[in-house]
Protein chains: 2
Amino acid sequence: MSEYLARVRQAGCRLTKARRAVIAYLQAHDEPQTAATVHRGLRGMRTDLASVYRTLELLERLGVVSRESDGKTAAYALADHHHHHIVCRGCHRKTCLPCALRLPSPRGFSAVQHQVVLTGVCASCAQSS
Amino acid sequence: MSEYLARVRQAGCRLTKARRAVIAYLQAHDEPQTAATVHRGLRGMRTDLASVYRTLELLERLGVVSRESDGKTAAYALADHHHHHIVCRGCHRKTCLPCALRLPSPRGFSAVQHQVVLTGVCASCAQSS
DNA sequence: CTATAATTGCAAACCATTCGCAATAGTCGT
DNA sequence: ACGACTATTGCGAATGGTTTGCAATTATAG
């Protein structure tokens, strides 16, 4: 049983097919995935989009996945697969960046995760303006 | 004319009442505001929520305001009023944090802004679980 | 193997955000 | 200050991601 499934179990939650499938899917994809993408990836089994949302929400609450949102659509990834992106404010294209952030844990908080969203203007957009 | 209004003008955009009002409202509020909140704050004048959204989008594109999203509702603040938050994954309460991030500008990008969203489990939620 | 409560699938509701379009109002040149 | 030109607005309606209620299903404890 994967470490992730174990954590679900430890939280007193059941190991259902849907949950296993969502976790497996995220393990196979490093880049953050939207709920819709995950759902599409599970189209072999009879799984509802709503259940995907519920599962992702559970996993986020447990700290197993992180949720990154560009304002409209949220994307989820295993908290392990951690890196960042810079989004061009012109063309909205994403570029991956390694995580270079080292922060002290804020007072009183535990299990701290972070999400960094960088925006800027990419070279080609800077030219065309 | 405020520095912000000047930047709108320099971008070749008109200084309308709605834009002045939105900027003024954000100047008066340090904490990130949702489009709905801004709109409510402008209820003296006949302003439409859609225009608030259009104005905020413009200001974001110009780099005057930053947009921070928790996945459902986006919040906007003047890029000046910059700090971060840590959100408890249990109770969802926010706590402000000073910005301690110093990053080199990623290759090829200019006018880089960042947004950091920290999540964790606050002391009282850690107890009750 | 059974009982029990957690989860799911489905469909409908929600709500933030966006879009089309005619009316309005900044700006620039005169 | 005036008029023309076009960006911007207000309004209403559409969109689309996300959530919810509920009956049927299914994982788990005993």
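Visitor: How confident is the predictor in chain A?
Guide: This is a predicted model, and chain A has a mean pLDDT of 85, with 88% of its residues at 70 or more.

Visitor: Which elements of chain A have the lowest and highest mean pLDDT?
Guide: The lowest is helix α5 (residues 123-127) of chain A, with 69, and the highest is helix α2 (residues 17-27) of chain A, with 97.

Visitor: OK, strands now. What order do the 6 strands of the open sheet come in?
Guide: Reading across, the order is β5(A)-β4(A)-β6(A)-β6(B)-β4(B)-β5(B), and the pairing is mixed. The edge strands are β5 (94-97) of chain A and β5 (94-97) of chain B, and each of them pairs on one side only. From one strand to the next, the twist averages 25°.

Visitor: In what sense do β6(A) and β6(B) pair, parallel or antiparallel?
Guide: Antiparallel, over 9 bridges.

Visitor: How many bridges join β4(B) and β6(B)?
Guide: There are 4, and the sense is parallel. C88(B) has G120(B) in β6(B) as its bridge partner.

Visitor: Which strands make up the 3-strand open sheet in chain A?
Guide: That one runs β1-β3-β2 (chain A), with antiparallel pairing. Its edges are β1 (33-34) and β2 of chain A, each pairing on one side only.

Visitor: How many bridges link β2(A) and β3(A)?
Guide: They pair over 5 bridges in the antiparallel sense. In that pairing, S69(A) sits opposite A74(A) of β3(A).

Visitor: Switching topic: how many cavities of 30 Å³ or more turn up in the whole structure?
Guide: The search finds 2.

Visitor: How does anyone spot empty space like that?
Guide: Rolling a probe the size of a water molecule over the atoms shows where empty space is left.

Visitor: What volume does the largest cavity have?
Guide: About 120 Å³. It is lined by 15 residues, and the ones nearest its centre are P32(B), S66(B), E68(B), H82(B) and H83(B).

Visitor: Which elements give two or more residues to that lining?
Guide: In chain B, these are β2 (65-69), β3 (74-78), β4 (84-88) and β6 (110-121). The biggest contributor is β3(B), with 4 residues.

Visitor: How do the residues of that lining divide into nonpolar, polar and charged?
Guide: There are 5 nonpolar, 8 polar and 2 charged. As for domains, at least three lining residues come from each of domain 1 (3-78) and domain 2 (84-127) of chain B.

Visitor: And how much space lies in the second largest cavity?
Guide: About 100 Å³. Its lining has 13 residues, with S66(A), E68(A), H81(A), H82(A) and H83(A) closest to the centre. Those lining residues divide into 4 nonpolar, 7 polar and 2 charged.

Visitor: Which strands of chain A each supply at least two residues of that lining?
Guide: Those are β2 (65-69), β3 (74-78) and β6 (110-121) of chain A. The lining of the second largest cavity also takes at least three residues from each of domain 1 (3-78) and domain 2 (84-127) of chain A.

Note on methods. Residues are numbered from 1 along each chain as its sequence is written. Chains are lettered from A and ligands numbered from 1 in the order in which they are written. This is a predicted model: local features need pLDDT of at least 70, side-chain atom pairs count only at pLDDT 80 or more; totals for chains, interfaces and linings use all residues. Side-chain values use heavy atoms; hydrogens and water are left out. On a 1 Å grid over the protein atoms alone, a cavity is a set of points where a 1.4 Å probe fits but cannot get out, and a pocket is an open set with protein on both sides within 12 Å along at least five of seven lines; lining residues have an atom within 4 Å of a point. Grid points are joined across faces, edges and corners, and a volume is the space filled by probe spheres set on the points. Ala, Val, Leu, Ile, Met, Phe, Trp, Tyr, Cys and Pro count as nonpolar, Asp, Glu, Lys and Arg as charged, and the others, Gly among them, as polar. Domain bounds come from an automatic or database domain assignment. Two strands pair if DSSP finds at least two bridges between them. Axes are lines fitted to C-alpha atoms, for helices over the stretch in contact, and angles run from 0 to 180 degrees between N-to-C directions. pLDDT is the predictor's confidence in each residue, from 0 to 100.
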